[in-house]
Amino acid sequence: MVIDAFMMLMTPTTLGVMVACAIYGLVVGAIPGFSAAMAVALMVPVSYFLDPVPALAGVVTLCAMAIFSGDIPGALLRIPGTPASAAYVDESYKMTCSGNAGLALGTGLICSSIGGIFGSIALILAAPTLGDLALQFSSVEYFWLACLGLTAAIGVSQGSAAKGVISLCIGLLIACVGLDPVSGQSRFTFETSYLSGGLGFIPVLIGLFAMSEVFRFALAPGDSDRPPISKLNGLFRGVFGEIRRLWFQILQGCGIGTLVGAIPGAGADIASYIAYAATKKQSPHPERFGTGIVDGVASASASNNASVGGALVPATVFGIPGDSLTAVIIGVLYMKGLNPGPTVFLTQGTLITAVFLAFLLANLLILPFGIVAIRLFRHILAVPRSVLMPLIVGACIIGSFAVENTVYAVVTMLIAGLIGFYMEENGFPLAPAILGVVLAPIVEENFLNTLVKSNGDLMIFLSRPLAVGLAMITLAIWVVPPLIRLVHYMKARKPTA
Amino acid sequence: MRHQIAKAFLITAVIGITPLSAMAEWPERPVTIVVPSGAGGGTDQTGRMLAERLQARFGQPFNVVNQGQGGGVVGISSIKNANPDGYTLGVIFNFAHYATMGQSDVHVEDFTPIAQYNFDPAGFQVRSDSEWENIDQALEAIKDAPDDYVIACGGGCGGSWPMAAATMMNEYGVDVSQVRFISGQGAAAALQDLAAGGVDVVPSSLPEAGPLIESGRIKALAVMGKERLEAFPDVPTLQESTDMELELGAWRGLIAPAGLPDDIVAELENAMNEIVHDDEWRQQMQDRGFGVQWRDSEAFNEFMLDQQSSVRAIIETLGLASGNS
């Protein structure tokens with residue numbers, strides 16, 4: 001069956017579609033504000049005319065490429081191309097500034113590929129088992145998972161933990177605008193229907209990262225630190241040594257990505273935050289994170305690519321979309337007669353295997369295509385900033401408009417840019433704010449819904465085994481480090497007392 | 001300055017204002033179809049299938065614009081506020097609850113109905129290990145202890161599926177104000193919560209529940225349509241197992257802002273009539289799990305007005321109505 005499936009892929013049409021989609025995915029992923037989900041949605045009308053295998057192979061290739069190429073503008077311009085790259089954008093940009101762009105992008109590229117391959121193998125071998133995990137998640141487990149995610153905020157912020165928490169709270173506050181997810185009451189909407197939809201995630205993301213960069217340049221065009229371009233020639237110099245050193249963290253990133261991806265509603269962005277924070281936690285020198293070291297970049301790039309494979313699990317096994325990206329993929333599956341469900345593996349076994357193999361192949365293709373993309377994109381650094389910045393403004397405006405289809409999204413983006421600028425100027429990290437925007441609705445909705453289910457009884461949060469497990473992990477991360485510090489402090493005091 | 005020009009351009013593009021009011025030959029330029037839901041969902045898919053057909057028929061691009069923010073409130077408002085010149089149309093679904101729940105001031109009277117093209121009867125899904133074998137047992141149990149059960153709304157609790165379940169239970173004599181309805185991120189997420197043991201009942205379309213029914217995690221006790229669905233021959237209709245003669249579920253149609261000139265309405269209505277009765281299009285809808293239902297402009301208007309009053313009444317009964325509306 002696997003050989004049949006492989007032969008289905010090895011046709012000129014399928015390979016041609018995959019190459020075209022790979023290029024399309026790389027370009028879209030690299031433009032801030034053009035999300036992978038949008039790219040796939042735009043491909044749907046085209047897929048009418050394609051046979052099932054090329055259509056689906058193209059779509060999965062597109063996803064894999066777009067998630068990787070979001071790293072490129074992140075490292076070169078400090079602007080994440082997709083939300084999945086936001087967790088480590090600061091780190092990889094600092095690496096570029098200190099002349100290590102080749103190491104940052106090279107490691108990101110190889111780890112993306114490793115993560116993607118890990119995710120696709122997990123998908124091929126363990127889809128039904130992993131699918132069961134998704135069906136263990138009720139609102140109680142989601143609540144604890146989101147709490148666990150919130151703790152990652154401290155992991156991704158450098159410097160003062162207090163500033164990290166404030167930044168996280170700004171993100172949570174941004175997410176409060178709009179209709180209350182449970183009762184549907186309007187919050188901070190000032191009676192306009194445009195705000196009742198909330199502040200769009202993508203416009204906020206672009207504003208915080210990209211527009212703030214533009215403002216900074218506009219106010220001080222002279223002294224903006226422009227990264228040296230020459231160093232990018234050694235794309236893989238030192239990469240393999242780092243990968244050998246960080247093999248455990250990368251593998252862990254793959255595992256986190258696949259699991260988080262397999263849980264519907266938690267996607268590539270949350271996976272990369274958690275992987276980054278976990279790597280920092282285990283590092284012997286956590287204080288160096290955020291100053292431009294490769295550790296976090298490696299594990300987080302592996303995890304966001306692994307999560308795509310994970311997200312395809314509930315989508316194909318139960319027809320449950322993990323995010324807007326997989327929602328579109330499910331639409332294409334139905335359209336091509338591959339109705340998701342457990343029997344798809346029996347009735348359409350060869351076809352679905354072909355799709356999974358295509359995904360595996362796409363993750364291998366990340367390497368050659370990624371190298372070409374990086375070589376092309378690095379010329380961006382040679383463009384004078386006075387030319388580049390207006391172009392970025394254009395991309396920001398089009399990107400935020402395109403994702404929400406309202407002019408208000410552009411206004412949101414501009415205001416978020418101002419907020420981002422002032423936060424940066426005063427030493428508040430931006431990554432926790434984005435995490436707050438992602439997690440706030442999950443925390444709130446699941447907390448309130450769980451209480452509605454239990455008629456207000458808080459004990460429900462510890463009523464299920466998986467929930468207890470997640471709660472223990474979360475509480476341990478909160479409570480244990482201060483306890484250890486306290487013990488050390490006591491010990492240090494003893495001799496003098 | 002450059003931003004302002006760009007913005008002005010974008011505003012014009014969205015709202016579809018045309019400086020020329022003369023409408024010699026509609027459509028003489030591209031038409032926008034506002035879809036008040038995100039890309040990829042059912043409303044979006046059916047909207048795009050329609051757009052494709054309308055485009056082929058009228059020879060102008062029919063562009064789908066997704067505005068799913070706030071459960072569709074943003075998109076529905078922008079259809080309402082657009083110029084009724086035939087260049088902004090919209091796909092609509094059950095929206096009667098938004099005004100009553102104080103979320104957005106939109107009513108059937110704000111729109112020109114063109115045609116209804118879709119109806120999906122609601123299924124009544126429970127976990128496979130539920131002791132309920134049929135809908136009668138379920139309704140009796142809920143009637144006896146309404147506050148013991150949790151029903152997932154899918155999206156917001158005024159949406160099509162919870163309204164169908166609530167209307168049906170109300171008809172049966174359940175004190176629906178005691179039943180706990182919880183909102184969520186769509187029917188798929190609710191079905192997952194059902195399988196995970198978080199809720200007791202999820203009303204949704206049967207095709208949406210299909211994969212989980214197939215895998216033996218959940219079962220459908222009834223479908224609230226006139227007859228059984230072809231793809232789910234084992235699921236009885238409501239009327240077979242109870243005496244209730246109800247047709248409840250989700251519907252979709254094409255609308256325009258109020259005041260669309262009659263000749264454009266007629267042209268669009270004719271086009272929709274042909275599309276909805278085209279075998280290939282019907283097959284496409286069926287393949288993707290959507291039911292087809294035809295209502296012309298007038299019948300669609302009556303249907304929506306009817307829906308509006310019944311949905312608003314049940315929202316009052318449920319105690320979901322906002323005080324200030």
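How many helices and strands does chain A have, and what does the side of chain A that touches chain B consist of?

Author: Happy to walk through it with you; please keep in mind that this is a predicted model. Chain A has 22 helices and two strands. With a radius of gyration of 22 Å against the 23 Å that the globule rule gives for 497 residues, chain A is as compact as a globular protein of that length, because the two values are close. Along the principal axes, its C-alpha atoms fill a box of roughly 75 × 60 × 55 Å. Buried residues account for 61% of the 497 residues in chain A. If we take the contacts in chain A between residues at least 6 apart in sequence, 80% of them join residues at least 24 apart.

Now to the part you asked about. On chain A, 48 residues are in contact with 48 residues of chain B. The elements of chain A that give two or more residues to this side are α3 (36-47), β1 (178-179), α10 (193-196), α16 (324-335), α19 (385-404), α20 (407-425) and α21 (431-453). Among them, α16(A) provides the largest share, six residues. By class, the side of chain A that touches chain B divides into 25 nonpolar, 21 polar and two charged residues.

As a general background, nonpolar side chains tend to be buried together in soluble globular proteins. Val40(A) gives us a local view: leaving aside neighbours within four places in sequence, its contacts are Val59(A), Leu62(A), Cys63(A), Leu325(A), Val328(A) and Ile329(A).

Let us cross over to chain B. Its domain assignment gives domain 1 (2-19 + 28-119 + 250-318) and domain 2 (121-241). The C-alpha centres of these two domains of chain B lie 27 Å apart, and 14 residues of domain 1 are in contact with 14 residues of domain 2. On the domain 1 side, α4 (96-100) and α12 (297-318) of chain B are the elements that give two or more residues. Of these, α12(B) gives the most, with six residues. The domain 1 side that touches domain 2 has eight nonpolar, six polar and no charged residues.

Strand β1 of chain B (residues 31-35) is mostly covered, with five of its five residues buried. Val31(B), Ile33(B) and Val35(B) point one way from β1(B), while Thr32(B) and Val34(B) point the other way. β1(B) runs parallel to strand β2 of chain B (residues 62-66), and five bridges join them; there, Val35(B) stands opposite Asn66(B). β1(B) also pairs in the parallel sense with strand β3 of chain B (residues 88-92), over three bridges, and in that pairing Thr32(B) stands opposite Thr88(B).

Key
Residues numbered from 1 in each chain as written. Chains lettered and ligands numbered in written order. Predicted model: local features only at pLDDT ≥ 70, side-chain atom pairs only at ≥ 80, totals over all residues. Helix = DSSP H or I, 4+ residues; strand = E, 2+ residues; numbered from the N terminus. Rg over C-alpha atoms; globule rule 2.2 N^0.38 Å. Buried ≥ 20, exposed ≤ 12 C-beta atoms within 10 Å, placed from the backbone. Contact = placed C-beta atoms within 7 Å. Pairing = 2+ DSSP bridges. Nonpolar A, V, L, I, M, F, W, Y, C, P; charged D, E, K, R; others polar. Domains from an automatic or database assignment.
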